[in-house]
Amino acid sequence: MALTALAPASAAPTAESPLAAAYARLAEILPTMRITETGGPLPSGDGWISDEDLAAGGDAVEAFLRWDDEQVRHDYGQQPRPDVVASFGLHRYAWPATLLITIPWFLHRRVPRFPAGTVAFHRARGLLAVRPSRFACLPGDPAAGLPGARIVGGEEALRAEVREAVAELLGPVLEGFRPRMRRGPRALWSLATDEIVEGLWYVGQLLGDEGRARAEAERLLPGTVAPFPKGAGFRELAAPGGESLTTRDRAGCCLFYTLRPADTCTTCPRTCDATRIARMTASR
């Protein structure tokens, strides 16, 4: 994901925010992504696009996808199909957007909600501006007394909050992209499943906590849990030396194979286990 540049110092989350520590930690391990919390209007113009703009589809989505179209033509020397461009563009929004929810949950057991009109994205600068409305937490959380807090009964209830929060955030955007992508709801929510799992898994690796990230993703998405049609999809492969290698099968297809048929993603169902093992052992 090509996110570059840092946010200005004035964009740091406020100390009073129950999400500030999680977003600050994310910025430390992933400096190409910065999250700004605001209690006022979201930024607009000059490269910013809001979740409502993306959900509206039409001209807003077409303008957003011009970057992806140009990037593919530049990097791969061919004109991509419209649905391929849309798939790439959706990924570049949805991957960081899901982290808005999963990272506070993973690090501090707090699940923020972002209803329509509370997220803005600046892709070229790697910035997300958000206006949190409320959050769920567990009993005993020091933030439970803050405005907007809602206490839930336990871990499974909190996982349900994560699923609902992601669905609330991504659902309208998926519909905005749907005409360009030419896919039905099940396929679109499969892509959303992959964004949740891949983002959490990757950040877990950066934190040195990959095992827990995988376990949390499997508990969050143990199988079909509406609207998500598949589970996290992790499994183990045996390397030639007996080492266990973690992989997963994507729930949806990113369509990269249309540009490089012989170079599918390692987690793509099109990629056989022998190729996965060869790639993972070579990278190590």
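Helix axes are lines fitted to C-alpha atoms, for helices over the stretch in contact, and the angle between two of them runs from 0 to 180 degrees between N-to-C directions. In this predicted model, helix 5 (residues 155-181) and helix 6 (residues 185-206) pack with their axes 10 Å apart and at an angle of about 130°. Because angles over 145 degrees count as roughly antiparallel and those from 65 to 115 as roughly perpendicular, helix 5 is therefore oblique to helix 6, and the crossing of the two helices is right-handed.

At this contact, helix 5 contributes Val166, Ala167, Leu170, Gly171, Leu174, Arg178 and Met181, which meet Pro185, Leu188, Trp189, Leu191, Ala192 and Ile196 of helix 6. By class, the residues of the contact comprise 11 nonpolar, one polar and one charged.

Helix 6 also takes part in the largest pocket, where its seven residues form the largest share of the lining. The space in this pocket amounts to about 1000 Å³, and of the 30 residues that line it, His91, Trp95, Glu198, Arg250 and Cys265 are the closest to its centre. Besides helix 6, the elements that give two or more residues to the lining are helix 3 (58-76), helix 4 (82-108), strand 9 (244-248) and helix 8 (273-283). The lining of the pocket divides into 13 nonpolar, 10 polar and seven charged residues.

Technical notes
Residues numbered from 1 in each chain as written. Predicted model: local features only at pLDDT ≥ 70, side-chain atom pairs only at ≥ 80, totals over all residues. Heavy atoms only, no water. Helix = DSSP H or I, 4+ residues; strand = E, 2+ residues; numbered from the N terminus. Parallel < 35°, antiparallel > 145°, perpendicular 65-115°, else oblique. Left-handed = near helix turned anticlockwise from the far one by under 90°. Contact = heavy atoms within 4.5 Å. Nonpolar A, V, L, I, M, F, W, Y, C, P; charged D, E, K, R; others polar. 1 Å grid on protein atoms, 1.4 Å probe; cavity = no way out; pocket = protein on both sides within 12 Å on 5 of 7 lines; lining within 4 Å. Points joined across faces, edges and corners; volume = space filled by probe spheres on them.
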